[in-house]
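Look over the sequence and the model before reading on. The paragraphs below go from the ligand to the core, then to a loop and a hairpin.

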Amino acid sequence: MVGPNPEPRTLNPEPRRMSDSFSLGSFPTTRMRRLRQHPQLRALTRSTRLHPSQFVYPLFVRGGKGVRQEIASMPGVFQLSLDELEKEVREVAELGIGGVLLFGIPEKKDAVGKDSYSDDGVIQQALRVVKKAAPQLYAITDVCFCEYTDHGHCGVLDQSTGRIDVNNDATLELLGKQAVSHAKAGADMVAPSGMMDGMVGAIRKALDGAALTHIPIMAYSAKFSGGFYGPFRDAAESTPQFGDRRSYQMDSAADPAQALRETALDIAEGADVVMVKPALAYLDIVSQVSRTFPGVPLAAYNVSGEYSMVKAAAARGWIDERSVATEIVTGIVRAGATIVITYWAKDLARWLKQ
Ligand code: PBG
């Protein structure tokens, strides 16, 4: 066909409508229930399958010995001392889980979060333990400051604007230092979660400058502020001492196109994997990011609040944890995530084996 400009190619084509290509049929010739009568046929016709290698299991590490402290708001999730971490990662590796995401709770916190980039910081020690106990296990580290600063914010504070806020550009340099320090201690991948502008570029530059060009970055690209991180902050002891994170994390009601811009910026700065977080209330974002950026691996973080809600209801016998957790993670994968960070990783791996 000859004519002026055909339809422009877009990165986000509308899904094709079924009726464009074939007839949908109709009852009584067509009976959808025919496909659902046999368990084997239900299995044969599935398009979403879960596998332990898709999951990343978050771990909370602290100092001391013999510490295995359950988080009250996250039953089944523990703060672990290094000796307990050793046992834990062996188990995780045996289950065939895709990787672990490490969060450190330092002995001492300060205004700039020094422990996070110190050679014998809690994460650096944890990485050495992981790499020794389970060398084949993929180790990702959270790169942020909220667990390490005494004020609990995700960077260094600045009052020069008249109100206290995180100083973006001053934080970038420290993020680079932190990422390099993690990689040198054995991290296979770094995951900046602080939503600072330019964080991916700064970390890429710092890693490359330290001859760590092979270390990938998983960017928390579209991370929304809100109530779903409450239990995590108990686990990581990272609740802000004042204020909130709304000047850096996204507004949940913001135009979804902002999430796409955030993601595009991170990709341009060198992100190897992008992330949407939380997952459940943001599955539309997971779906849009996955279709807008084909070829960029997408992670979704099934966060603490999403886990705790199910745990609390299951403890009362109101819902069945295994069934609901499986549906939730299936939904996240169906929406387009290739990596799911979830506190159910070990349970799911066991359930999938049965
Ligand atoms: C920040 C960080 C947070 C989570 C992961 N990385 C918390 C926050 O932004 O306050 C939350 C994860 C969860 O809720 O499970 N370093």
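How far is a nitrogen atom of the ligand from an N or O atom in the side chain of Ser193? The separation is 3.0 Å. This value, like every other one here, comes from a predicted model. A nitrogen atom of the ligand also lies 3.2 Å from a polar side-chain atom of Asp142. On the oxygen side, an N or O atom in the side chain of Lys223 is 2.8 Å from an oxygen atom of the ligand. On its own the ligand has 410 Å² of accessible area, and the protein covers 100% of that area. The residues around the ligand number 18, and those that come nearest are Arg233, Gln249, Lys277, Ser304 and Tyr343.

The largest nonpolar core contains 111 residues. Leu101 is one of the residues with the most contacts inside this core, together with Phe60, Leu85, Leu102, Leu207, Met218 and Tyr301.

Next comes the loop between strand E4 (99–105) and helix H4 (122–133), where Asp110 is found. The side chain of Asp110 reaches the backbone nitrogen of Lys114 at 3.2 Å. Neighbours within four places aside, Asp110 is in contact with Tyr148, Thr149 and Asp150.

Asp115 is found in the loop between E4 and H4 as well. Is Asp115 buried or exposed? Its relative accessible area is 17%, under the 20% cut-off, so Asp115 counts as buried. A polar atom of its side chain lies 3.0 Å from the backbone nitrogen of Val122. Apart from neighbours within four places in sequence, Asp115 is in contact with Pro106, Lys108, Gly121, Val122, Gln124 and Tyr148.

Pro75 lies 40 residues from Asp115 along the chain, and their C-alpha atoms are separated by 28 Å. The last stop is a pair of strands. Strand E2 (residues 68–71) and strand E3 (residues 74–81) run antiparallel and pair over 4 bridges. The two strands are joined by a hairpin of 2 residues. Across the pair, Ile71 stands opposite Met74 in E3.

Notes: Residues are numbered from 1 along each chain as its sequence is written. This is a predicted model: local features need pLDDT of at least 70, side-chain atom pairs count only at pLDDT 80 or more; totals for chains, interfaces and linings use all residues. Side-chain values use heavy atoms; hydrogens and water are left out. Two strands pair if DSSP finds at least two bridges between them. A nonpolar core is a set of buried Ala, Val, Leu, Ile, Met, Phe, Trp, Tyr and Cys residues joined through side-chain atoms within 4.5 Å. Buried means under 20% relative accessible area, exposed over 50%, partly exposed in between (1.4 Å probe, protein chains only). A residue is near a molecule or strand if one of its heavy atoms lies within 4 Å of it. A polar contact is a pair of N or O atoms within 3.5 Å; within protein, one must be able to donate a hydrogen and the other to accept it, and residues adjacent in sequence count only if both atoms are side-chain atoms. Accessible areas come from the Shrake-Rupley method with a 1.4 Å probe; for residues, only the protein chains shown count as cover. Contact means heavy atoms within 4.5 Å.
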